[in-house]
Amino acid sequence: MTISRHRSGPKLLIAAALEEELSPIKKHMGGCSDVSFRTVGIGPRMAYQGVRSMLSNGSTIEGPHLLLLVGFAGAVDPFLKSGDIVVSKRYYRQTVNSSALATSTNGGPIVSRQSNDSELPNFLEPDQIMNECAMKAAHAADVSFVTSPSLTVDRLIGSRAEKRAVFRQNLVSVVNMEDYWAAAASREAGVSFLSVRAVVDVASQNLPDYLASLTGSKFRVAMSILSHPWRVATLARLSVEMRRSQQSLVQFARSFIPMITKTPESDFLVSTADVGNPGQLSHSNQSCPDSMGLASQVNPGLTAGFIK
């Protein structure tokens, strides 16, 4: 049995944790009738609940049938550079056994209503057609990109030592705080999902402990600079790196959005048998239009948006 996706509303929903991750794309692509934009908030719980809320009318005529999550990421792979695009082929979740990192959520927002953490899949995967289109779009946009997996964590991973530990103990290239749980909520709603991230901080870069307390607040960033002027250099560097990441996301989006919105809706029919089960949502085995085989290849407002 399949869920029909013949709807009159926007075909593609682009979401992000923060407005700073989304606003540059909205500025360049906000006039597209097939696209809508929403923020979900920072972290596993907000990502899961925010996406669930957005897609709660997923079976109605107004709901989107494609969800693209965009945002920043922190690199743990030493070969990645600031501004690189990551089209993850798997979204791993942090578990008590997945790494040496301490976790405050015991795996994420769904665990509290599950009888056993082991019942949750350790990873989810993107929609194959969206993923194929994303690789072609990144290639066409001439942005540096990889297709390595990501790890969804519940706090800032800022030190070089922690990044090395994550890289050694998990087969991932970047960390963020939303991918797995946004994908889980999308799967429950029967909506095709893809996450595309841009690297901000590289693996060799230490992030200051105070950064997490500044997240999402321009006022706190400004006050931090005023009361701790020696932080200016660090925050200025992050501001530059964030601009670079924003530019990469915009380049990617300008190539990806026209491509994915031309894909026939019938290619994204989702099987209800797959909803709520581990793995990838099934769909017809079609290709993205014109697809081809590809190998994986101080501003307080900006700084306030940095979290990964």
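Start by selecting Ser186: this residue is buried, with a relative accessible area of 0% (buried means under 20% relative accessible area, exposed over 50%, partly exposed in between, with a 1.4 Å probe and protein chains only). You are looking at a predicted model, where local features need pLDDT of at least 70, side-chain atom pairs count only at pLDDT 80 or more, and totals for chains, interfaces and linings use all residues. Residues are numbered from 1 along each chain as its sequence is written, and side-chain values use heavy atoms, with hydrogens and water left out.

Ser186 belongs to helix 5 (residues 179–189); helices (H or I, at least four residues) and strands (E, at least two) are DSSP runs, numbered from the N terminus. Now show its contacts, meaning heavy atoms within 4.5 Å. Not counting residues up to four places away in sequence, Ser186 touches Val51, Leu55, Leu67, Val191 and Phe193.

Next, the aromatic rings. Rings of Phe, Tyr and Trp (its six-membered ring) pair if their centres lie within 6.5 Å; planes under 30 degrees apart count as stacked, over 60 as edge-to-face and the rest as tilted. By this rule there are five aromatic pairs. Select Tyr48 and Trp181, an edge-to-face pair at 6.4 Å centre to centre, with 80 degrees between the planes. This pair links distant parts of the chain, with Tyr48 in helix 2 (residues 44–54) and Trp181 in helix 5, 133 residues apart. Both Tyr48 and Trp181 are buried.

Move on to Tyr91 and Phe193: their ring centres are 5.5 Å apart and their planes at 85 degrees, so this pair is edge-to-face. Tyr91 is in strand 6 (residues 91–93) and Phe193 in strand 11 (residues 192–199), 102 residues apart.
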